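Visitor: I would like to learn how to read this model. Take me through it, feature by feature.

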Amino acid sequence: MTPRRAAIVVLCWNRWELTRRCLETLKAHTDLANAEVIAVDNGSTDETPARLAELPWVRVVTNWENLGYVRGNNAGIAAAPNDADVVLLNNDVEVHQEGWLDTLREAAHAAPDVGIVGCRLVLPDGRLLHAGTYVLPDTFWGQQIGALETDVNQYARTRDVEGIVFACAYVRREVIAKIGGLSEKFRSYFEDTDFCLRAKEAGFRTVVCGAVTLVHHEHGSTSDQPKTFETLFQESRKTFRGLWEKKLEARYRHDVTWQSILNFPTGYAMSCREILRACDAEGVRVSYEYVYGPGTPFPVREEENARDYLLNVLTARRGGRRPDVAVVYGQGDVFDRNKGRHRIGYTMLEVDGFPEEWVRQANGMDEVWVPSAFNRDGFLGSGLKKPVHVMPLGVDVDHFHPAIRGVPNPGGDFVFLASFEWGERKRADMILKVFNQTFRRKDSVVLVCKIINVNKATNVRAQIDALGLSANGGRIAFLHNKEFPYHQLGALYRSADCYVSAGRGEGWDMPLMEAMACGLPSIATDWGAHQEFVHDGISYPLGIRGLVPADARAPYYKGFRWADPDPEHLAHLFRHVVEHHDEAAGKGRRAAAEMAAKWTWDHAARRIAKRLEAIG
Amino acid sequence: MTETVSDDAELDRLRKEAAELRDLVRALSAALVRATAALPLDAALALARSESAEGAAPFRLTEWHEGIEVTRGDVASEMALLWKRLPPRENA
């Protein structure tokens with residue numbers, strides 16, 4: 001079947017150099033057999049009209065004065081053949097990807113209800129600028145998803161979004177036929193989000209096709225005129241608010257106070273950030289409050305700034321009308337701080353039971369959530385009398401997927417990766433010794449250990465020295481006390497060939513899940529909460545020799561047991577993975593597919609929304 | 001020699017000085033990573049070898065500054081540096 005014809009509309013107003021670069025790169029990387037280029041000259045007073053007239057492959061539409069962004073683009077849309085799709089392309093965009101138009105066209109026609117397709121936009125310095133947009137009804141300040149993250153090929157899939165910036169927008173003819181062009185209630189700004197929301201009301205989805213990346217210089221026509229920008233922006237924002245405030249508010253179906261931790265490098269905090277983001281997208285209006293601080297087991301105050309727009313807005317909601325339902329997401333000894341009328345405690349632990357104080361406080365809740373059946377059984381066995389629901393966590397498959405760009409070992413060695421906080425639970429000593437003994441220095445195998453130690457009583461270097469690792473044994477490289485931005489962690493996993501999690505017990509094991517989502521085969525202890533998402537079809541379960549007393553500094557483990565991972569089996573699995581590359585790679589591929597199909601944060605948020613629905 | 005300080009003003013001054021030193025260490029660490037990452041592989045290996053008193057070890061702890069300070073870094077530059085510092089296989 002012949003592909004649908006597309007008209008690429010490039011709006012120009014002076015700044016010929018930008019337009020020239022845009023058109024040159026467009027021509028060099030676009031198959032124009034089923035497309036035409038329409039340049040709309042919006043009353044330029046520089047050399048633009050003369051230069052455009054020299055390009056026989058460009059159809060020029062001339063506006064004799066500057067009609068602004070909206071009316072200028074509408075002139076281009078009106079000039080397009082009425083059976084063609086329309087691609088709006090800013091003149092400060094450069095195209096450097098062959099097949100970009102075909103890929104966008106395929107995404108647009110992948111389903112009848114897809115109406116608008118955007119792409120990843122990057123800055124000339126390589127940072128990601130855009131992977132979709134959202135507007136919160138609290139502020140009506142449009143935000144670009146992924147803005148200014150180092151580009152590691154995150155957001156590579158095609159996914160639904162609320163809006164896109166129209167620096168590049170592939171719009172299907174059916175949408176224009178139904179809702180017309182850009183709304184002329186706007187002169188500039190917000191017209192793109194307005195268009196996407198109108199399309200949604202007309203039954204069309206907006207998606208970002210992550211397989212296409214264009215360069216956006218962000219030299220908007222008002223970028224050097226701050227007063228003009230401010231006037232236009234605020235005028236459009238007011239118009240947008242008037243049109244959409246009630247409808248955007250109405251997308252929230254549930255209200256909840258979420259008492260937890262956000263701005264510390266802890267597992268609860270990192271997962272909390274993702275839960276809140278996903279819940280907002282799922283129609284749960286979350287108001288965040290810090291649950292720790294003075295008078296709690298973690299008496300440190302939390303910084304106000306989450307360095308994330310959405311999370312800051314959710315934090316600013318506290319103090320408003322208090323929702324009936326409150327969730328404390330943290331250790332069980334802060335459940336008593338729950339301020340809701342319907343009180344939920346959401347927690348996890350790495351051993352086979354829960355401390356008496358946690359159980360006491362949990363029995364003061366209306367219900368308890370845990371991420372795994374492992375923890376549900378441990379809680380019930382410790383005396384929990386209240387209803388307990390298994391509410392699994394998830395993984396961010398936009399930042400953790402197999403196409404994330406890693407930094408491969410230039411020597412071609414097979415790379416095992418282990419990442420943990422130094423301590424009794426993670427069995428670092430066993431992993432290092434077994435690896436060192438299993439391989440020889442001449443082997444093309446290396447273990448990378450990412451270690452965090454914030455306990456000043458622990459001297460990691462001395463403990464490693466004390467292991468007496470052999471100079472002729474397997475080679476090990478360390479990343480010591482290095483913290484990486486969350487959005488780059490996928491690149492760490494993709495720099496390895498197999499992930500190792502050989503600890504004694506897990507409350508969930510987020511790094512393992514992230515590595516699996518990145519397509520790595522993994523070796524994981526066959527005991528603990530992560531058994532919720534790990535099985536031998538997608539991982540190598542590490543056998544245990546039994547359960548042993550959980551002797552550790554953490555007071556919560558006292559009196560409970562955890563696993564004793566089998567070092568001989570670990571040695572066997574190390575060798576097996578290296579000797580069976582293809583089998584291991586297959587497990588990694590299946591792991592990534594399963595994480596994306598069953599274990600995303602969207603899945604987690606849907607379960608939360610469903611539970612809130614049942615609570616009423 | 002350890003000096004115990006109890007005066008609030010002095011304590012405040014020392015806290016500020018400590019914070020400045022921490023910032024300096026972070027900046028130096030980041031500069032070192034950038035500088036070494038830019039070296040060609042041979043030069044980086046030579047640098048690592050000449051500094052190392054642990055040439056025979058299966059791992060290198062020469063850049064290991066024991067402490068509880070966590071420094072932020074970029075995965076690309078840190079991994080590039082790590083691969084350059086990897087003990088060579090051929091010296092077995």
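Visitor: How do strands β23 and β24 of chain A pair?

Guide: Two strands pair if DSSP finds at least two bridges between them. Helices (H or I, at least four residues) and strands (E, at least two) are DSSP runs, numbered from the N terminus. Here β23 (residues 498–501) and β24 (residues 522–525) of chain A pair in the parallel sense over three bridges. Ser501(A) stands opposite Ala524(A) in β24(A).

Visitor: What should I know about the numbering and the model?

Guide: The model is predicted: local features need pLDDT of at least 70 and side-chain atom pairs count only at pLDDT 80 or more, while totals for chains, interfaces and linings use all residues. Residues are numbered from 1 along each chain as its sequence is written, with chains lettered from A and ligands numbered from 1 in the order in which they are written.

Visitor: What is the strand order in the open sheet that holds β23 and β24 of chain A?

Guide: The order is β21-β20-β19-β23-β24-β25 in chain A, six strands with parallel pairing. β21 and β25 (540–542) of chain A are the edges; each has a single partner strand, so one side of each lacks a neighbour in the sheet. The twist averages 25° from one strand to the next.

Visitor: Which strands does helix α15 of chain A lie across?

Guide: Settle the geometry terms before the case. Axes are lines fitted to C-alpha atoms, for helices over the stretch in contact, and angles run from 0 to 180 degrees between N-to-C directions. Two residues are in contact if their C-beta atoms, placed from the backbone, lie within 7 Å. Helix α15 (residues 510–517) of chain A lies across β19 (414–421), β23 and β24 of chain A. Its direction is at about 155° to β24(A).

Visitor: Where does Met516(A) come in?

Guide: It belongs to a nonpolar core. That is a set of buried Ala, Val, Leu, Ile, Met, Phe, Trp, Tyr and Cys residues joined through C-beta atoms within 7 Å. A residue is buried if 20 or more other C-beta atoms lie within 10 Å of its own, exposed if 12 or fewer, and partly exposed in between. The largest nonpolar core has 129 residues, and Val448(A) and Met516(A) have the most contacts inside it. Leaving out residues up to four places away in sequence, Met516(A) touches Ser522(A), Ile538(A), Ser539(A), Ala591(A), Ala592(A) and Met595(A). Another core lies apart from it, with 70 residues, among them Ala75(A) and Phe186(A).

Visitor: What is the order of the other open sheet of six strands?

Guide: It runs β14-β13-β15-β16-β17-β18 in chain A, with parallel pairing. The edge strands β14 (284–290) and β18 (388–390) of chain A each pair on one side only. Neighbouring strands are turned by 25° on average, direction ignored. Inside it, β16 (residues 342–346) and β17 (residues 367–370) of chain A run parallel, joined by three bridges. Gly345(A) has Val368(A) as its bridge partner in β17(A).

Visitor: At what angle does helix α18 of chain A run to β14(A)?

Guide: At about 100°. Helix α18 (residues 601–615) of chain A lies across β13 (254–260), β14, β15 (325–329), β16 and β18 of chain A.

Visitor: Where is the kink in helix α7 of chain A centred?

Guide: The bend at a residue is the angle between axes fitted to the seven residues ending there and the seven starting there. In α7 (residues 226–249) of chain A, the kink is about 50° and centred on Leu243(A). The helix has Leu232(A), Ser236(A) and Phe240(A) as its buried residues. They pack against α6 (191–201) of chain A.

Visitor: Is Asn481(A) buried or exposed?

Guide: Asn481(A) counts as buried, with 21 C-beta neighbours inside 10 Å. Its phi is positive, about 50°, although it is not a glycine. Asn481(A) sits in the loop between β21 (475–480) and β22 of chain A.

Visitor: How does β22 of chain A pair with β1(B)?

Guide: β22 (residues 482–483) of chain A and β1(B) pair in the parallel sense over two bridges. Lys482(A) has Thr71(B) as its bridge partner. Across the interface, 26 residues of chain B are in contact with 40 residues of chain A. α3(B) gives the most to chain B's side, with eight residues.
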